[in-house]
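Please keep the sequence and the model in view while reading.

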Amino acid sequence: LRPGSTEATDALAQVDLREKAGELDAIEARARAAEREERWRDARQAWTEARAAEPTLAAAQAGLERVE
């Protein structure tokens, strides 16, 4: 690496994005499973958690509309 290079910072940012995406995928899977099993409170909680983590996530908004 060269002094002043942004390569390391960029790589860490990519890792953070992948981790967040993985967390959102897990929350969404949990919410969908709760919906299938008609556990509406759990589904609402998971969709709320997803929306809090990523306010622009359309799936979270749609999920909340389905369970409310």
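Predicted model: local features only at pLDDT ≥ 70, side-chain atom pairs only at ≥ 80, totals over all residues.

## Helices α1 and α2

Helix α1 covers residues 7–36 and helix α2 covers 40–53. The two pack at an angle of about 160°, and their axes are 8 Å apart. Angles over 145 degrees count as roughly antiparallel, so α1 is roughly antiparallel to α2. Their crossing is left-handed.

On the α1 side, the contact is made by Lys20, Leu24, Ile27, Glu28, Arg30, Ala31, Arg32, Ala34 and Glu35. These residues meet Trp40, Asp42, Ala43, Ala46, Trp47, Glu49, Ala50 and Ala53 of α2. By class, the contact of α1 with α2 holds 10 nonpolar and 7 charged residues, with no polar ones.

## Helices α2 and α3

Helix α3 covers residues 58–67. It packs against α2 at an angle of about 155°, with the axes 9 Å apart. That angle makes α2 roughly antiparallel to α3. The crossing of α2 and α3 is left-handed.

From α2, the residues Trp40, Ala43, Arg44, Trp47, Thr48, Ala50 and Arg51 take part. Their partners in α3 are Ala59, Ala60, Gln61, Gly63, Leu64, Arg66 and Val67. The contact of α2 with α3 divides into 8 nonpolar, 3 polar and 3 charged residues. Within it, alanine 60 touches Trp47, Ala50 and Arg51, leaving aside residues up to four places away in sequence.

## Helices α1 and α3

How do α1 and α3 lie relative to each other, roughly parallel or roughly antiparallel? Their axes come within 11 Å and cross at roughly 20°. Because angles under 35 degrees count as roughly parallel, α1 is roughly parallel to α3. Here too the crossing is left-handed.

In this contact, Glu28, Arg32 and Glu35 of α1 meet Ala59, Gly63, Arg66 and Val67 of α3. The contact of α1 with α3 has 2 nonpolar, 1 polar and 4 charged residues.

## The nonpolar core

Which residues form the largest nonpolar core? There are 11 of them: Leu24, Ile27, Ala31, Ala34, Ala43, Ala46, Trp47, Ala50, Ala60, Leu64 and Val67. Helices α1, α2 and α3 each supply at least two residues of this core.

## A buried glutamate

Glutamate 35 is found in helix α1. Is this residue buried or exposed? Its relative accessible area is 14%, and buried means under 20%, so glutamate 35 is buried. Not counting residues up to four places away in sequence, glutamate 35 touches Trp40, Ala43, Trp47, Gly63, Arg66 and Val67.

## Two loop residues

Glutamate 38 lies in the loop between α1 and α2. With a relative accessible area of 56%, glutamate 38 is exposed. Its phi is near 55°, a positive value in a residue other than glycine. Most residues other than glycine have a negative phi.

Proline 55 is placed in the loop between α2 and α3. Its relative accessibility is 63%, and exposed means over 50%, so proline 55 counts as exposed. Proline 55 and alanine 21 are 34 residues apart in sequence, and their C-alpha atoms are 13 Å apart in space.

Conventions: Residues numbered from 1 in each chain as written. Heavy atoms only, no water. Core = buried A, V, L, I, M, F, W, Y, C linked by side-chain atoms within 4.5 Å. Buried < 20%, exposed > 50% of the residue type's maximum accessible area, 1.4 Å probe, protein only. Helix = DSSP H or I, 4+ residues; strand = E, 2+ residues; numbered from the N terminus. Contact = heavy atoms within 4.5 Å. Axes fitted to C-alpha atoms, helices over the stretch in contact; angles between N-to-C directions. Parallel < 35°, antiparallel > 145°, perpendicular 65-115°, else oblique. Left-handed = near helix turned anticlockwise from the far one by under 90°. Nonpolar A, V, L, I, M, F, W, Y, C, P; charged D, E, K, R; others polar.
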